[in-house]
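Visitor: I am new to this structure and would like to learn how to read it. Could we go through some features one at a time?

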Amino acid sequence: MTLTDPADIKALLQRHGFRFSKAMGQNFLINPSVCPRMAEACGAAPGRGVLEIGPGIGVLTEQLAMRAEKVVAVELDRRLLPVLAETLSAYPCAEIVEGDILKLDLPRLLREKFGSLPVSVCANLPYYITSPIVMTLLESRLPIDSLTVMVQKEAAQRLCARPGTREAGAVTLAVQYYAVPEILFSVSRGSFLPAPHVDSAVIRLTLRKEPPCPVRDETVLFRAVRAAFGQRRKTLLNSLSSGGWSRDAVSVALDKAGISPTARAEELTLENFARLSENLPDPASMRP
Ligand code: SAH
């Protein structure tokens, strides 16, 4: 059985009475060159662990298991568990955990499953929750060194955009704070079964040891970033004021940070936002 062969996949799924769920973002990879490249890019190797999200029928899991010491794959759809038990039976180093990646206690999972192994994340993500997954993995300060993930092309561009450009969004700034992003390669929509309506790309986020511009309170920084990009066409004076800070407080903070009150979110670098947030009041001291 070849896990990238549409005829084999259809026979396998039919045998298990499985139907694709759009709601769970199920598009399985059928392009045989993609998974080996992803497995190499994430650094899967002896002595290293890999956490996968959404293994599907195990096409990427297999490539990871051929290279890594241990692979743990979290799958939400329990209908896939018997399928995975079959397709991965030759790989004892691959373990499936049933669950929602956004709800599991990830620090504990990593501790229990990988012990002291260095771990990276590798996944063809469910696209309906790309940003929440990326943000959860970055913010929970997990002991991982990189995320190599397949996402929609538009999401790849936003996640890897340069701050201070039109492509940048709130998630761009968050990624920059925690990681160094790069787009590795594109993947056409025809590489999936069923084919989605958009093209994809594989990106790698290499986690930083320290943020490039550390701030006293990250909640203030990210509250400001979200408020600014939440109304990205407005001037910072207006968008930040509707984020809960008084116009006076915003005006003083912009002035102290050396930022024009008529600038817009997409013109700011991470360092600009960091300096701005250092001069904004703590949300805890504000009215709800
Ligand atoms: N990696 C496979 C499948 C990708 S499709 C491949 O490349 O072919 C996305 C997968 O994520 C599906 O298996 C889907 O069931 C799973 N999934 C969706 N939401 C999830 C969640 N919240 N937590 C874990 N897995 C999820």
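Visitor: What covers the buried residues of helix α2?

Guide: This is a predicted model, and the reading starts with which residues are buried, meaning under 20% relative accessible area. In α2, residues 34–41, the buried ones are Val34, Cys35, Met38, Ala39 and Ala41. Their cover includes the strands β1, β5, β6 (144–152), β7 (179–187) and β9 (200–207), together with helix α3 (59–67).

Visitor: Where do the buried residues of α2 fall when seen down the axis?

Guide: They fall within an arc of 165°, so they line one face of the helix. Just after α2 comes Gly43, with a positive phi of about 85°.

Visitor: Which residues of helix α1 are buried?

Guide: In α1, residues 6–15, these are Ile9, Leu12 and Leu13. Down the axis of α1 they fall within an arc of 95°, so this helix too has its buried residues along one face. The face turned away from that buried side carries exposed residues, namely Ala7, Lys10, Gln14 and Arg15. Among the elements covering the buried residues of α1 are β1 (28–29), α4 (81–87) and β8 (192–193).

Visitor: Which residues are buried in helix α11, and which are exposed on its other side?

Guide: Buried in α11, residues 247–257, are Ala249, Val250, Ala253, Leu254 and Ala257. They cover an arc of only 130° around the axis, which puts them on the same side of α11. Asp248, Asp255 and Lys256 are exposed on the other side. Just after α11, Gly258 takes a positive phi of about 70°.

Visitor: Now a pair of helices. At what angle do α6 and α8 pack?

Guide: A helix pair is read from the angle and the separation of the two axes. Helix α6 (residues 130–139) and helix α8 (residues 170–178) pack at about 30°, and their axes are 10 Å apart. Angles under 35 degrees count as roughly parallel, so α6 is roughly parallel to α8. The crossing of α6 past α8 is left-handed.

Visitor: Which residues make the contact between α6 and α8?

Guide: From α6 come Ser131, Val134, Met135, Leu138 and Glu139, and from α8 come Val171, Ala174, Val175 and Tyr178. By kind, the residues of this contact divide into 7 nonpolar, 1 polar and 1 charged.

Visitor: Let us turn to single residues. Is Asn124 buried or exposed?

Guide: A single residue is read from its accessibility and its contacts. Asn124 lies in strand β5, residues 119–124. Its relative accessibility is 14%, so Asn124 counts as buried. Leaving out residues up to four places away in sequence, Asn124 touches Asn27, Leu29, Met38, Ile53, Gly54, Leu60, Met150 and Phe192. Of these contacts, Met38 is also one of the buried residues of α2.

Visitor: Where is Pro196 found, and what does Pro196 touch?

Guide: Pro196 is in the loop between β8 and β9. Pro196 is buried, with a relative accessible area of 12%. Beyond residues up to four places away in sequence, Pro196 touches Asn27 and Arg189.

Visitor: How are Pro196 and Met66 separated?

Guide: They are 130 residues apart along the chain, and 28 Å separates their C-alpha atoms.

Notes
Residues numbered from 1 in each chain as written. Predicted model: local features only at pLDDT ≥ 70, side-chain atom pairs only at ≥ 80, totals over all residues. Heavy atoms only, no water. Axes fitted to C-alpha atoms, helices over the stretch in contact; angles between N-to-C directions. Helix = DSSP H or I, 4+ residues; strand = E, 2+ residues; numbered from the N terminus. Parallel < 35°, antiparallel > 145°, perpendicular 65-115°, else oblique. Left-handed = near helix turned anticlockwise from the far one by under 90°. Contact = heavy atoms within 4.5 Å. Nonpolar A, V, L, I, M, F, W, Y, C, P; charged D, E, K, R; others polar. Buried < 20%, exposed > 50% of the residue type's maximum accessible area, 1.4 Å probe, protein only. Arc of directions from axis to C-beta.
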